[in-house]
Structures are given as C-alpha cells and as structure tokens.
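Dear colleague,

Please find below the structure that I am handing over to you. I would be grateful if you would look through it before reading the notes that come after it.

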Amino acid sequence: MWFFRRMLIVPWTARKTNEEVLKEPESTRSLMSRIRRRQAKFVGHIMRREGLENLVTTGRMEGKKSRGRQREKMLDGMTSWMGTKRVTDALSESWDRESWKDMIANAKGQGT
C-alpha cells in the first residue's frame, strides 16, 4: 500500500482510503492469495514425503477431544479454498506435481 501511495505521490493530508489508492493503478489486494498459495505449495511438499511432518499433518491424536470449539485444521481450510470436496482428494492429487500445480493455480481466492 505504501508503495502505491509513494509512487502516486499521495500526501497523508489527502485523506484517501487504501481502497481509493488501490483503484487509481487498478490494483487489488493479493496478500491472502499469496499466503494460501504458499501454504498449498508447502502442504504438497510435505505430503510427497514419508516423514514425521506427513504423519503429524494427516495423523490423529489418541485420547479425548478437548472441550469447546475445535480448531480449524490447515487441510480443511485449504480444501475449501481449493474447491475440493474432501481432504483425501486433495492429498491424492499432491503426488502428481503437475496436477497439484494446476490445482493451486486454478484455486478460487478467499479473503482480501
């Protein structure tokens, strides 16, 4: 944001909102899509390995569930962002790098 304000020479006294500044160069916010894309690349990397990270990401804990609302898992959020129905569909796609890259590139954006 500061980059556009500086390049367009918008003084702080102009009282312009960030959205108004973004409309001038016809740009959009892309931070959340970058974060989601990097998370998806990381998950694909982890799922292709047979290590401890894979076990922790896909495994289940023994014992009782904690009280209260369950935390959202990274895989659940990623499947909703990518538009797949089940976690297993997304994880099976991670073995084929080309289809995984296509899935990440064609994922629907979520957030601002």
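The notes below set out what was found in the structure, topic by topic.

Please bear in mind throughout that this is a predicted model.

Charge on the surface

A patch of positive charge lies on the surface, where R34, R37, R38, K41, R97 and K101 gather. Two elements give two or more residues to this patch, namely α3 (31-48) and α7 (97-105). Of the contributors, α3 gives the most, with four residues. R34 is one of the residues found in helix α3.

The loop between α6 and α7

S94 is found in the loop that runs between α6 (87-93) and α7. Is S94 buried or exposed? Its relative accessible area is 0%, so S94 is buried, the cut-off for that word being under 20%. If the neighbours within four places in sequence are left aside, S94 is in contact with G44, M47, R48 and W100. S94 may also be set against I46: the two are 48 residues apart in sequence, and their C-alpha atoms are 9.1 Å apart in space.

Helix α4 and its residues

Helix α4 covers residues 52-58, and L52 is found in it. L52 counts as exposed because its relative accessibility is 61%, and exposed means over 50%. Together with L55 and V56, L52 forms a nonpolar patch on the surface, and the accessible area of the three together is about 340 Å².

E53 also lies in helix α4. With a relative accessibility of 39%, E53 counts as partly exposed. The C-alpha atom of E53 is separated by 9.6 Å from that of V43, and these residues are 10 residues apart along the chain.

N54 has its place in helix α4 as well. Here the relative accessibility is 12%, and N54 therefore counts as buried. Which residues is N54 in contact with, leaving aside its neighbours within four places in sequence? They are I46, M47, R49 and G59. Between N54 and D76, which are 22 residues apart along the chain, the C-alpha separation is 15 Å.

Helix α5 and its cover

The loop between α4 and α5 (74-82) holds S66. S66 has a relative accessible area of 54% and is therefore exposed. From S66 to T17 the distance is 43 Å, C-alpha to C-alpha, and the two residues are 49 residues apart in sequence.

In α5 itself, the residues L75, G77, M78, T79, W81 and M82 are buried. What covers these buried residues of α5? The cover includes α3, α4, α6 and α7. Just after α5 comes G83, which takes a positive phi of about 85°.

The loop between α1 and α2

A positive phi is also found at R15, where the value is about 55° although R15 is not a glycine. R15 is found in the loop between α1 (2-7) and α2 (18-23). Its relative accessibility is 75%, so R15 counts as exposed.

Points to look at

- the positive patch, to which α3 gives the most;
- the nonpolar patch formed by L52, L55 and V56;
- the buried residues of α5, whose cover includes α3, α4, α6 and α7;
- R15, with its positive phi of about 55°.

With kind regards

Technical notes:
Residues numbered from 1 in each chain as written. Predicted model: local features only at pLDDT ≥ 70, side-chain atom pairs only at ≥ 80, totals over all residues. Heavy atoms only, no water. Patch = residues over 30% accessible without salt bridge, like charges linked within 9 Å, V, L, I, M, F, W, Y side chains within 5 Å. Areas by Shrake-Rupley, 256 points an atom, 1.4 Å probe, with all protein chains shown as cover. Salt bridge = Lys/Arg side-chain N within 4 Å of Asp/Glu carboxyl O. Lys, Arg positive; Asp, Glu negative; His and termini not counted. Charge placed at Lys NZ, Arg CZ, Asp CG, Glu CD. Buried < 20%, exposed > 50% of the residue type's maximum accessible area, 1.4 Å probe, protein only. Contact = heavy atoms within 4.5 Å.
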